[in-house]
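Please work through the following exercises with the structure at hand.

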Amino acid sequence: VQLQASGGGLVQAGGSLRLSCAASGSIFSINAMGWYRQVPGKERDLVAAITSGGSTNYADSVKGRFTISRDNAKNTVYLQMNSLKPEDTAVYYCKADVDYGLEYEYAYWGQGTLVTVSS
């Protein structure tokens with residue numbers, strides 16, 4: 001299973017970006033999918049997550065600005081980021097919990113995409 005993330009880049013404060021992450025390979029189903037971010041010297045933190053049924057949760061710092069969604073038919077998760085702030089600058093990673101049945105799942109990570117927000 002591979003996760004391919006795209007959509008990062010440089011944007012001015014107040015601008016928007018949309019990240020995409022597509023999972024491919026031997027996949028029967030995917031449970032939760034999510035986006036995390038990491039800055040140098042700090043831990044990787046959850047930004048947003050979405051279950052297969054569409055339930056979402058967000059970090060407090062992005063509530064009201066970011067929206068996570070997914071297309072189950074395409075095994076793809078999206079992150080719409082609006083009203084970006086310089087503190088949103090980070091490498092963003094996608095994650096997919098692939099279901100292998102018998103209550104076993106395995107977490108796969110994408111390669112990371114850099115988001116830079118200039119002030």
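The exercises below concern a predicted model, and each is followed by a worked solution.

**Exercise 1. The nonpolar core**

Determine how many residues the largest nonpolar core has, and which of them have the most contacts inside it.

Solution. 
Step 1. The largest nonpolar core has 30 residues.
Step 2. Those with the most contacts inside this core are Trp35, Val47, Phe66, Val77, Leu79, Met81 and Tyr92.
Step 3. The largest share, 5 residues, comes from β9.
Step 4. When residues up to four places away in sequence are not counted, Met81 touches Gly15, Ser16, Leu17, Leu19, Arg65, Phe66, Tyr92 and Val115.

**Exercise 2. The disulfide**

Find the cysteines that a disulfide joins, and explain why the disulfide is described as right-handed.

Solution. 
Step 1. A disulfide is a covalent bond between the sulfur atoms of two cysteines.
Step 2. Searching the whole structure gives 1 disulfide. Its partners are Cys21 and Cys94, with an S to S distance of 2.0 Å.
Step 3. The torsion about the S-S bond of Cys21 and Cys94 is about 55°, and the disulfide is therefore right-handed.
Step 4. Because Cys21 lies in strand β3 and Cys94 in strand β9, the pair ties together parts that are 73 residues apart in sequence.
Step 5. A residue counts as buried under 20% relative accessible area. Cys21 is therefore buried, at 1% relative accessibility, and Cys94 is buried with a relative accessible area of 1%.

**Exercise 3. Salt bridges**

State how many salt bridges the structure holds, and decide whether Arg65 and Asp88 are buried or exposed.

Solution. 
Step 1. The structure holds 4 salt bridges.
Step 2. One of them pairs Asp60 with Lys63, whose closest N and O atoms are 3.1 Å apart. Asp60 has a relative accessibility of 64% and so counts as exposed.
Step 3. Another salt bridge is formed by Arg65 and Asp88, with the closest N and O atoms 2.8 Å apart. This pair links distant parts of the chain, 23 residues apart: Arg65 is in the loop between β6 (56-58) and β7, and Asp88 is in the loop between β8 and β9. Both Arg65 and Asp88 are buried.
Step 4. Lys95 and Asp97 also meet through their side chains in a salt bridge, at 2.9 Å from N to O. Lys95, at 15% relative accessibility, counts as buried; Asp97 is buried as well, with a relative accessible area of 9%.
Step 5. Finally, salt bridges that share partners join Arg37, Arg65 and Asp88 into one network.

**Exercise 4. Positive phi and a surface patch**

Identify where Asn75 is found and where Glu103 has its place, then name the residues of the nonpolar patch on the surface.

Solution. 
Step 1. Asn75 has a positive phi of about 50° although it is not a glycine. Asn75 is found in the loop between β7 and β8, and at 21% relative accessibility it counts as partly exposed.
Step 2. Glu103, likewise not a glycine, has a positive phi near 60°. Glu103 is in the loop between β9 and β10 and is exposed, with a relative accessible area of 85%.
Step 3. The loop between β9 and β10 (105-109) also holds Tyr104, which counts as partly exposed at 45% relative accessibility.
Step 4. Val1, Tyr100, Tyr104 and Tyr106 form the nonpolar patch, with about 390 Å² of accessible area together.

How values were computed. Residues are numbered from 1 along each chain as its sequence is written. This is a predicted model: local features need pLDDT of at least 70, side-chain atom pairs count only at pLDDT 80 or more; totals for chains, interfaces and linings use all residues. Side-chain values use heavy atoms; hydrogens and water are left out. A nonpolar core is a set of buried Ala, Val, Leu, Ile, Met, Phe, Trp, Tyr and Cys residues joined through side-chain atoms within 4.5 Å. Buried means under 20% relative accessible area, exposed over 50%, partly exposed in between (1.4 Å probe, protein chains only). Helices (H or I, at least four residues) and strands (E, at least two) are DSSP runs, numbered from the N terminus. Contact means heavy atoms within 4.5 Å. A disulfide is a pair of cysteine sulfur atoms within 2.5 Å. Patches are made of residues with over 30% relative accessible area and no salt bridge: like charges are joined within 9 Å, nonpolar side chains (Val, Leu, Ile, Met, Phe, Trp, Tyr) within 5 Å. Accessible areas come from the Shrake-Rupley method with a 1.4 Å probe; for residues, only the protein chains shown count as cover.
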